[in-house]
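Thanks, everyone, for making time this morning. I would like to take you through one structure slowly, starting with a single residue and then moving on to the place where two chains meet.

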Amino acid sequence: MFSKKNKNNNDPTKTIPSTTCQTPVTLDNLKRVLANIDEAEIIERQTNNGQQVMMLYIRSLVNLERLNEAIVEPLISSSHLTIHEYMISSKVSRMITLEEAETHLLRGDVILYGMDHEEFWAVPLQNTLSRSIQQSGTETIIYGAKDSFSELLEQNITMIRRRIPLMNLKTESFTIGSISKTEVVILYIEGITNPDYVSIARKKIASIDFDQFLDSSQVAAFMEDHKHSVFPQFQETDRPDSCAFSLGIGKLVIMVGNTAYALIAPITFFHLFQSPEDYFLRWIISSFLRCIRYLSFIISVTLIPFYVAVTTHHYQMIPLQILFVLLESRSKLPFSPFWEAFLMLITLEIIKEASLRMPTKSGQTLGVIGGIVIGQATVEAGFASNVLIVLVGISAIASFLVPNYEVTKSNSLLQFILLLLAAYLGLFGILLGAIGILAHLNGLSSLKQPYFAPVAPFYLKEWKDLFIRAPLPWMKTRPEYLHPVQKWRMSRRR
Amino acid sequence: MENNTIEEIAPVIFWSLNQSDDRHMDISTLVPPLIHEKKRMLTLKVDLQKQGGKEFNLIYYRELKPGQLRVIVINEELARKGVLPLISTYLMDTDISQRLYLIISRGNFEEFMREQLNDQANLDYFLYRMLKHYEASNQGEMSILNLHQFKNKLFSPFADPYLPLFEVKKDNFTYKGTAMFRHDKMINMLPLMDDQIFQLIDNDHYLKLFAIPSSDVTLGHVRSKVDIDLDPAYKNMTIKIDLTGRLEEYRGNKNLHEREELAKLHQNIEKYLVSRTSDLLKTMQQWKIDPLEIGTRTLHPFSKPISDSEWLKLWEKMKLKIEYRLTIQPLVNVNQ
């Protein structure tokens with residue numbers, strides 16, 4: 001395994017070739033490749049010492065200002081013998097095969113062809129189109145760093161490297177997707193992250209065979225152990241501090257080109273409930289907030305099914321005073337509790353989805369219409385009971401407390417499953433569903449590591465960062481279930 | 001599984017059971033439980049309770065469900081005949097909670113309900129709330145028992161159950177005292193003064209207010225600590241009661257600022273309490289009942305328990321020694 005790793009380290013850039021045959025690069029071949037590309041430029045120049053040089057590039061990918069500074073001006077003014085010596089660029093590489101040349105062209109490099117020596121050189125001059133570093137849109141926090149990833153892979157890696165200035169922070173890059181040629185980079189800290197995880201991730205990425213990847217979640221979909229589960233097996237985050245923290249405790253981070261979200265693995269179910277802010281606030285407050293998150297997850301999944309179960313099957317359980325309220329609010333409804341709840345939940349999902357897709361200003365209007373007009377009007381029209389509207393509201397708000405958006409989405413699905421079970425079997429149905437969900441969670445894995453750790457398999461010591469977040473000085477070791485190479489988080493341990 | 005959505009059912013809060021004639025009984029309830037519907041009283045003459053439950057459904061558009069049944073009002077006549085058959089029915093029904101209050105009514109409960117219906121819309125619910133309120137510990141007002149507690153006392157060899165007794169008149173529903181049972185049959189009732197002592201020595205060990213008119217005094221927040229001791233031959237019983245409380249009202253002619261006079265008052269109250277308690281216990285001996293569960297004190301580890309009939313014989317003849325130790329805060333300055 002290690003020998004394999006070393007081999008990979010020597011050759012970090014692995015390109016999964018679109019064609020297996022290796023064609024030598026020639027000018028004719030290149031011209032054929034660039035034929036019918038309108039933005040392709042082929043420019044011929046003569047240097048000071050009379051050499052003929054040809055520049056080939058795709059205009060839309062190249063930074064034209066830099067082209068003048070780095071290539072055109074040196075070419076005209078210099079009198080070196082070989083052309084690559086003119087270039088004001090840190091990375092000039094020579095090309096042998098046509099495939100290499102294609103890759104460089106598509107990456108935004110300028111290809112220089114020295115006609116006298118018949119040499120091909122690639123000079124990286126990508127047009128670094130990117131938005132500025134902004135605040136995270138999905139994982140907002142009050143304290144802590146405000147920067148988030150953008151679509152530029154190198155910039156993203158820089159943000160992590162600034163947080164982990166270590167030579168041990170290793171990166172391995174791959175190219176996947178026959179159309180998109182997406183660059184995927186695995187980041188891990190050598191000497192902390194278990195090398196098994198790296199090798200599993202490496203194998204999984206190498207085995208991906210698909211044409212187009214536009215988002216990191218698509219990469220995750222190919223790498224997941226359980227493709228039919230509603231629970232995410234990779235944590236997607238756009239926060240560099242989250243990534244740095246995860247790397248520090250022995251996880252690995254997978255970054256995908258042109259995506260503002262990195263994938264963190266291996267994760268457990270409980271990681272999805274942890275916010276970066278948990279580690280910035282005082283431990284008692286963090287623990288309280290974390291418990292509230294778990295509670296709200298349970299509420300969001302079970303509250304409506306519980307209402308249906310109780311109003312359909314177990315009216316004996318309801319305290320008399322609440323029974324009065326329920327009876328009165330339900331007395332004029334034409335629907336059974338199941339249909340009432342089902343229709344309201346579907347409506348809620350429609351409103352949720354619509355408000356996400358709408359521009360911000362229309363979204364506000366939608367909130368007013370959805371919340372006030374539909375909510376109140378359905379009660380007045382007699383389609384839903386007051387009590388249910390209250391419960392739907394509580395469960396909807398509770399579902400948003402979980403920091404991970406994907407879990408919020410899976411909540412709704414679980415809610416519908418439990419709703420069906422509750423309608424047919426009452427509380428036993430909910431119990432059955434809960435057992436099913438727990439069994440499913442227990443069976444899941446992320447990068448082949450147990451998803452329900454440290455509860456099952458049981459790691460008592462790790463409970464200090466599970467439902468409660470113990471004071472930071474108590475967290476002397478990295479999570480045991482991640483099997484880090486270096487267990488201790490402190491350099492001088494007594 | 002039955003699938004009854006709550007709007008299709010009418011949860012029954014109380015059932016009132018009355019002796020109608022030798023064979024039959026009247027069973028009544030109020031429907032519907034919904035707040036905004038006009039209530040009416042349903043009464044049926046039936047042989048059996050469950051038959052009543054079934055026949056109610058034939059005259060009412062919703063299905064009556066006893067799942068929320070909270071109060072059973074048993075008429076005194078019926079209680080004197082024995083409540084075991086009634087109780088067993090409720091104990092067997094898994095729908096019915098054991099937190100069900102049993103009360104004995106003296107008078108025509110149905111008539112009272114009918115009269116009050118126009119004035120109070122949720123009479124049945126208020127009745128339940130009242131009992132629930134008085135069930136809470138340290139309330140020091142009534143002796144309330146639920147089905148579960150009643151069953152435990154009924155089937156224990158060394159205990160006799162009791163229930164609250166309410167007197168019902170056309171426009172009044174008043175707590176009158178505690179109905180005492182021998183096994184499942186009601187024997188008699190403890191009137192209010194005895195009932196207060198019963199509260200002190202057994203039920204709550206607490207009385208919010210304890211009025212003693214003969215000594216012109218009202219004690220408040222009275223708490224008792226009872227120590228019962230039986231001699232090894234079970235011929236004598238010593239009951240020591242530590243009472244603490246405060247003097248809340250005094251209308252006599254003693255000057256309580258004087259220490260001696262206050263001591264006299266203490267003595268008077270103690271004397272009165274001893275005689276009343278002695279009377280109460282003797283009454284229990286005469287009635288051959290043991291609601292205080294004194295018999296359980298004959299149980300010892302590694303020894304064979306005596307039978308309940310044997311205990312009753314011993315209890316009847318037992319000599320009683322009663323001691324009261326009164327600690328009263330006078331709430332006035334007392335001169336040395």
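Let me begin with B:N18, which counts as buried because its relative accessibility is 10%, and buried here means under 20%. Please keep in mind throughout that this is a predicted model. B:N18 sits in strand β2 of chain B, which covers residues 14–19, and its side chain makes two polar contacts that I would like you to find on the screen: one with the side chain of B:N75, at 2.6 Å, and another with the side chain of B:E110, at 2.4 Å. If we leave aside the neighbours within four places in sequence, B:N18 is in contact with B:M25, B:D26, B:N75, B:L78 and B:E110.

Now to the two chains together. Here 23 residues of chain A are in contact with 23 residues of chain B, and the area buried between them is about 2,100 Å², with carbon and sulfur atoms giving 65% of that. On the chain A side, the residues that lose the most area to chain B are A:Y315, A:L320 and A:F324, which together account for 35% of what that side buries.

How many salt bridges are there between chain A and chain B? The count is one, and in it the side chain of A:R330 meets that of B:E7, at 2.5 Å from N to O. As for the helices of chain A, α9 (283–312), α10 (320–330) and α14 (405–425) each supply at least two residues of the side that touches chain B, and the largest share, eight residues, comes from α10(A). By type, that side of chain A divides into 14 nonpolar, seven polar and two charged residues.

Note on methods:
Residues numbered from 1 in each chain as written. Chains lettered and ligands numbered in written order. Predicted model: local features only at pLDDT ≥ 70, side-chain atom pairs only at ≥ 80, totals over all residues. Heavy atoms only, no water. Contact = heavy atoms within 4.5 Å. Buried area = accessible area lost by both parts, 1.4 Å probe. Salt bridge = Lys/Arg side-chain N within 4 Å of Asp/Glu carboxyl O. Helix = DSSP H or I, 4+ residues; strand = E, 2+ residues; numbered from the N terminus. Nonpolar A, V, L, I, M, F, W, Y, C, P; charged D, E, K, R; others polar. Buried < 20%, exposed > 50% of the residue type's maximum accessible area, 1.4 Å probe, protein only. Polar contact = N/O pair within 3.5 Å; in protein donor to acceptor, adjacent residues only side chain to side chain.
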